[in-house]
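These entries record what I looked up in the structure shown below. I began with the surface, then turned to the chain as a whole, and ended with the pocket.

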Amino acid sequence: RIRQELPDFELHASTQMHIHNEAGMETARRLGISRVVLPRESTIEEIRSLSGQGMEIEVFVHGALCVCYSGQCLMSASLMGRSGNRGECAQPCRMRYELYREEMQGANKIPAQGAYLLSPKDLFTLHELDALLDAGVSSLKIEGRMKKPEYVPRGDRCLEAEAAVAAGCAEGMGSAQALQPRLYQRTRVSCERTGDDESDPSQSSGRRAGRGHRRQRPAHHDP
């Protein structure tokens, strides 16, 4: 119907469609879609492979990570009647939870570090920007749902400064480093392709490291 009424209207496929392989890309192409937003959990290798399918690729580079695979979570819809697949996610994974074990004599509470048991760390990809661009990414996406108004513009300025670094501008490095403390209020997860860096507990890598890219540790604090 969109193509009938607005033949020149540009269509983008949301990450909620969970397009993550060549078959999905081909389906999107047949539907007249020109750009696909890949799932957050996509690896660098997967991004590179899909960018060669003749369509624009958009990826998440900053913001909250979903505890579930993109487009596959029904938690918000089931608990609150707000579907994440319709852009209405209420982010129930950001709420406080307690963990219990059901036993014959009743439910016993399991000790846990913090109360935000389903809340992953924020996505941190500044040092991977050059690799993403090299993989064929056309557009960078900032996840700013339910954030303060200044959250997205700060992220934009930080990414712009890092892009200057990728282009060889030394001034950009100083700008990016100065902006990062203001940008990240929460601990974060990075996107190292070579494995986890346990030296800094505020950064847990692995989202785009390969098949083990869902290993980010929960933040366990107020999002």
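Entry 1, surface patch. I searched the surface for nonpolar patches and noted one formed by Ile2, Leu6 and Phe9. Together these three residues have about 280 Å² of accessible area. I kept in mind that the model is predicted.

I located isoleucine 2 in helix 1, which covers residues 2-5. Is isoleucine 2 buried, partly exposed or exposed? I found a relative accessible area of 43% for isoleucine 2, and therefore I class this residue as partly exposed. The value falls between the cut-offs of 20% for buried and 50% for exposed.

I counted seven helices and eight strands in the chain. Of its 223 residues, 39% are buried.

How much space lies in the largest pocket? I recorded about 500 Å³. The pocket is lined by 31 residues, and those closest to its centre are Gln16, Arg40, Gly84, Cys89 and Arg145. I also checked which elements contribute to the lining: among them, helix 4 (75-80) and strand 7 (139-142) each supply at least two residues.

Terms used: Residues are numbered from 1 along each chain as its sequence is written. This is a predicted model: local features need pLDDT of at least 70, side-chain atom pairs count only at pLDDT 80 or more; totals for chains, interfaces and linings use all residues. Side-chain values use heavy atoms; hydrogens and water are left out. Helices (H or I, at least four residues) and strands (E, at least two) are DSSP runs, numbered from the N terminus. Buried means under 20% relative accessible area, exposed over 50%, partly exposed in between (1.4 Å probe, protein chains only). Patches are made of residues with over 30% relative accessible area and no salt bridge: like charges are joined within 9 Å, nonpolar side chains (Val, Leu, Ile, Met, Phe, Trp, Tyr) within 5 Å. Accessible areas come from the Shrake-Rupley method with a 1.4 Å probe; for residues, only the protein chains shown count as cover. A salt bridge is a side-chain nitrogen of Lys or Arg within 4 Å of a carboxyl oxygen of Asp or Glu. On a 1 Å grid over the protein atoms alone, a cavity is a set of points where a 1.4 Å probe fits but cannot get out, and a pocket is an open set with protein on both sides within 12 Å along at least five of seven lines; lining residues have an atom within 4 Å of a point. Grid points are joined across faces, edges and corners, and a volume is the space filled by probe spheres set on the points.
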